[in-house]
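Please read the following note alongside the structure. It is written for a reader who is new to structural models.

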Amino acid sequence: MSNDSVMDWKEVLKNRLSASKKVEKMEEEKKEEEMALFTKNYMEWKGGGKRDYSYNNIPRFYYRLPAEDEVLQQKLREESRAVFLQRKSRELLDNEELQNLWFLLDKHQTPPMIGEEAMINYDNFLKVEEKAGAKCMQFFTARVFAKLLHSDPYGRISIMQFFNYVMRKVWLHQTRIGLSLYDVAGQGYLRESDLENYILELIPTLPQLDGLEKSFYSFYVCTAVRKFFFFLDPLRTGKIKIQDILACSFLDDLLELRDEELSKESQESNWFSAPSALRVYGQYLNLDKDHNGMLSKEELSRYGTGTFTNVFLDQVYQECLTYDGEMDYKTYLDFVLALENRKEPAALQYIFKLLDIENKGYLNVFTLNYFFRAIQEQMKLHGQEQVSFQDVKDEIFDMVKPKDPCKITLQDLVNSSQGDTVTSILIDLNGFWTYENREVLVANDNDSSADLDDT
C-alpha cells in the first residue's frame with residue numbers, strides 16, 4: 001500500500017472523529033442550555049428560591065357574579081350552567097339502563113338464596129361491572145360492596161339492597177339537578193321565590209294533589225315552602241342550601257304524594273298532603289273572625305284548646321313579624337310549625353326566643369316565674385287548686401339538668417329531650433294540666449287498654 005493512500009485513511013478517520021466529537025459537544029450544550037432554561041423558569045416560579053407568601057402570589061379564587069346591568073355576562077352564565085346541568089343529566093342512568101342493570105345482577109346472583117332474597121359475591125359483582133357500562137362504574141367499588149356487606153357467611157351482599165342503593169343515588173342526583181335549575185343565582189342555594197316556583201311546577205306531577213282548586217295553589221305553595229324554611233333556615237337568611245334540602249326528609253314526604261294509593265293515615269301525618277294543608281288553612285280562616293285575612297292577638301288566643309296565656313301571646317306579637325299588630329298567614333305557619341313540633345330544635349329555638357324576655361340567651365328563675373304566674377292566674381280563673389312555683393321550678397331544673405344550675409340555655413333544653421314538656425308547662429294551661437296529671441292519664445290509658453283486651 002502506498003504512503004499517500006495511508007495518509008488519506010488517516011485524514012478520513014481524523015475528520016470523522018472530530019465530527020462525532022462536535023456532535024457530542026452540541027448535544028451536551030443543548031442539554032446544558034435546556035437545564036439552564038428550566039432552572040431559570042423554575043426559580044422564577046418559586047420566587048428566586050424563596051417562597052413568596054405575599055398577596056401577589058395568591059391565585060385568584062373569587063369570581064364576582066355579573067351585575068344586573070351586565071346582560072351578556074348573565075346570559076353566558078345561565079347558558080353555561082344549563083349546558084353543565086344537561087351534561088350531568090346525561091351521565092345518569094335512565095329507566096332502560098336501570099332495568100338492564102337489574103337483569104345483569106339477577107343473572108349473576110350467587111346461590112344459595114336467603115329466603116327469597118338473591119345474593120351476589122364480589123367476583124360476580126365485578127363481572128356485572130364489566131358488562132354494565134361506563135355509567136355504572138361509580139357504583140361498583142369495593143367501598144360500596146363493603147358498606148352493604150353485613151353478616152352473610154359467604155361474604156355476599158343483597159342484590160335488592162345494592163339496586164336500591166343505586167336507585168337512591170340516581171334519584172338524589174336527578175333531584176339535585178332538578179332543584180339546581182331553579183337556583184337563579186347559581187350558588188347552590190334556593191331563595192324562597194325559587195322554592196315556590198319549584199313546588200308550584202311540581203303540583204301537577206303529584207296525583208294526591210289532583211283535587212286541589214287552582215285558586216288554592218298559592219296558599220298550598222306557601223304552606224309547603226314554610227316548612228322547608230322554618231326548619232332549614234334557622235338564622236332566617238332567606239335562602240336554603242340545596243344540599244340541606246336533599247339531606248332532610250321533607251322532599252321525600254313531598255314526593256310521597258306521587259303514590260296514588262297513599263293511605264289516609266299517611267296523608268294526615270304528612271304536612272304536604274292536601275288534607276293537611278286544607279286543615280291548617282281552614283284553622284286560619286276559622287280564627288279570622290273579622291275576615292280581614294289577618295289574625296289579631298284575641299283571634300289567635302282561640303288557637304288549639306284556647307289555653308295559651310296572655311303573657312305568651314303578648315311575646316308572640318312582640319317578637320314575630322306583624323302588620324299593624326296583626327299576624328299574616330306566613331307568620332301563622334311558623335307559629336303552627338313550632339307548636340306542632342315542640343321536640344324539634346328549630347321549634348324549641350322559636351319558643352325559646354319568645355321566653356327569653358331579657359334577651360340574655362338563657363332562662364333564669366325570674367323568667368320562669370314571670371311565665372308561670374300567668375298559668376297560676378288562669379288556674380285561679382278556672383277554680384283549680386293552686387300549685388307552688390317553687391315546686392314547679394325545682395321540677396323544671398331537675399328535668400333539664402342544665403350545665404349552670406341557675407340558668408337554662410336553649411342547648412340545655414335540646415340536650416335534655418324535655419324541651420316540649422318544659423315549654424308546655426310555661427305557656428299553656430292545658431299543657432301544664434296534662435303534665436300535672438300525667439300519672440292519672442297513664443293509668444286511665446292502661447285501664448282503657450285492659451278493657452279493650454277483655455272485649
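Predicted model: local features only at pLDDT ≥ 70, side-chain atom pairs only at ≥ 80, totals over all residues.

1. Residues are numbered from 1 along each chain as its sequence is written, and side-chain values use heavy atoms, with hydrogens and water left out.

2. The largest pocket holds about 460 Å³ of space. Its lining has 18 residues, and Arg236, Cys320, Asp334, Tyr350 and Lys353 are the closest to the centre. (A pocket is an open set of points on a 1 Å grid over the protein atoms alone, where a 1.4 Å probe fits, with protein on both sides within 12 Å along at least five of seven lines; lining residues have an atom within 4 Å of a point.)

3. Helices H8 (217–232), H15 (329–340) and H16 (345–355) each give at least two residues to the lining of the largest pocket. The largest share, five residues, belongs to H16. (Helices are DSSP runs, H or I, of at least four residues, numbered from the N terminus.)

4. The second largest pocket has a volume of about 370 Å³. Among its 16 lining residues, Phe84, Lys88, His173, Arg176 and Ile177 lie nearest the centre. Helix H2 (71–90) and helix H6 (159–180) are the elements that supply two or more residues to this lining.

5. Met43 belongs to helix H1 (residues 3–46). Met43 counts as partly exposed because its relative accessibility is 32%, where partly exposed lies between buried (under 20% relative accessible area) and exposed (over 50%), with a 1.4 Å probe and protein chains only.

How values were computed: Points joined across faces, edges and corners; volume = space filled by probe spheres on them.
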